[in-house]
Amino acid sequence: MPSCGNGFIAVPLHSKKITITVRIMKQIETIKSGKNYCAVSVGKVSEIIEHELPMGPDFTLKGKVFVGQAVGATGSELSFQTLVPGQDSGFLHTHKTHEELYIILKGEGQYQVDGEIFPVSEGTVVRVAPNGKRALKNTGSEDLTMLCIQYKANAFTEADSPMTDGTILQEELKW
């Protein structure tokens with residue numbers, strides 16, 4: 001029977017023992033779920049870099065994790081990504097129908113949209129329309145971590161304003 005420890009698995013093979021290094025990807029952990037909610041954890045912001053996103057047979061994007069499906073989101077997708085100093089997002093990209101909000105949680109860098117480059121840092125929020133050619137680069141000396149929220153462009157109308165869509169309930173809070 002295989003034994004695990006420190007990322008190594010020893011497997012008996014016809015009276016010989018081979019050692020295989022197995023790297024276990026960081027996982028999204030479900031905290032609690034119910035009829036109308038789901039709560040998950042991707043770990044500490046400083047641990048986002050440990051996530052890996054397979055992008056194809058020969059390409060894995062380190063430091064990126066999508067969360068929307070894990071929480072059962074029906075109107076958006078969201079992801080966290082950490083770029084180490086000097087790293088960029090690897091490619092320009094656009095979307096067919098999704099607008100994106102990029103929220104810089106920590107670090108500093110440069111954001112590029114349609115060839116225009118501007119500085120971003122903790123607290124910066126960037127909205128990009130579907131056709132915007134976009135990329136992000138960490139130009140700082142520490143990790144840059146961002147949250148990206150994707151949703152269908154032009155999906156919200158005036159009736160979707162938080163002030164008109166939300167309902168304050170007359171129920172006592174119970175903690």
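The structure described here is a predicted model.

**The sheet around E11**

Strand E11 belongs to an open sheet of 3 strands, ordered E12-E11-E14, in which the pairing is antiparallel. Strand E12 (116–121) and strand E14 (134–138) are the edge strands, and each of them pairs on one side only. On average, neighbouring strands of this sheet are turned by 25 degrees against each other, with direction ignored.

Strand E11 covers residues 108–113 and pairs with E14 in the antiparallel sense over 5 bridges. Within this pairing, Gln 110 stands opposite Lys 137 in E14, and Gln 112 stands opposite Ala 135 in E14. Towards E12, strand E11 again pairs in the antiparallel sense, here over 6 bridges. Gln 112 has a bridge partner in E12 as well, namely Ile 117.

What lies between E11 and E12 in the chain? The two strands form a hairpin, with 2 residues between them. Asp 114, in the turn, has a positive phi of about 50 degrees.

**The sheet of 5 strands**

A further open sheet is formed by 5 strands in the order E8-E9-E15-E10-E13, and its pairing is antiparallel. Strand E8 (64–66) and strand E13 (125–128) stand at the edges; each has a single partner strand, so one side of each is left without a neighbour in the sheet. Neighbouring strands in this sheet are turned by 15 degrees against each other on average, direction ignored.

Inside this order, strand E10 (residues 98–106) and strand E15 (residues 144–152) pair in the antiparallel sense over 8 bridges. Leu 101 stands opposite Ile 149 in E15. Strands of a sheet pair through backbone hydrogen bonds, either parallel or antiparallel.

**Strand pairs**

| Strand pair | Sense | Bridges |
|---|---|---|
| E10 and E15 | antiparallel | 8 bridges |
| E11 and E12 | antiparallel | 6 bridges |
| E11 and E14 | antiparallel | 5 bridges |

Methods: Residues numbered from 1 in each chain as written. Predicted model: local features only at pLDDT ≥ 70, side-chain atom pairs only at ≥ 80, totals over all residues. Heavy atoms only, no water. Pairing = 2+ DSSP bridges. Helix = DSSP H or I, 4+ residues; strand = E, 2+ residues; numbered from the N terminus. Axes fitted to C-alpha atoms, helices over the stretch in contact; angles between N-to-C directions.
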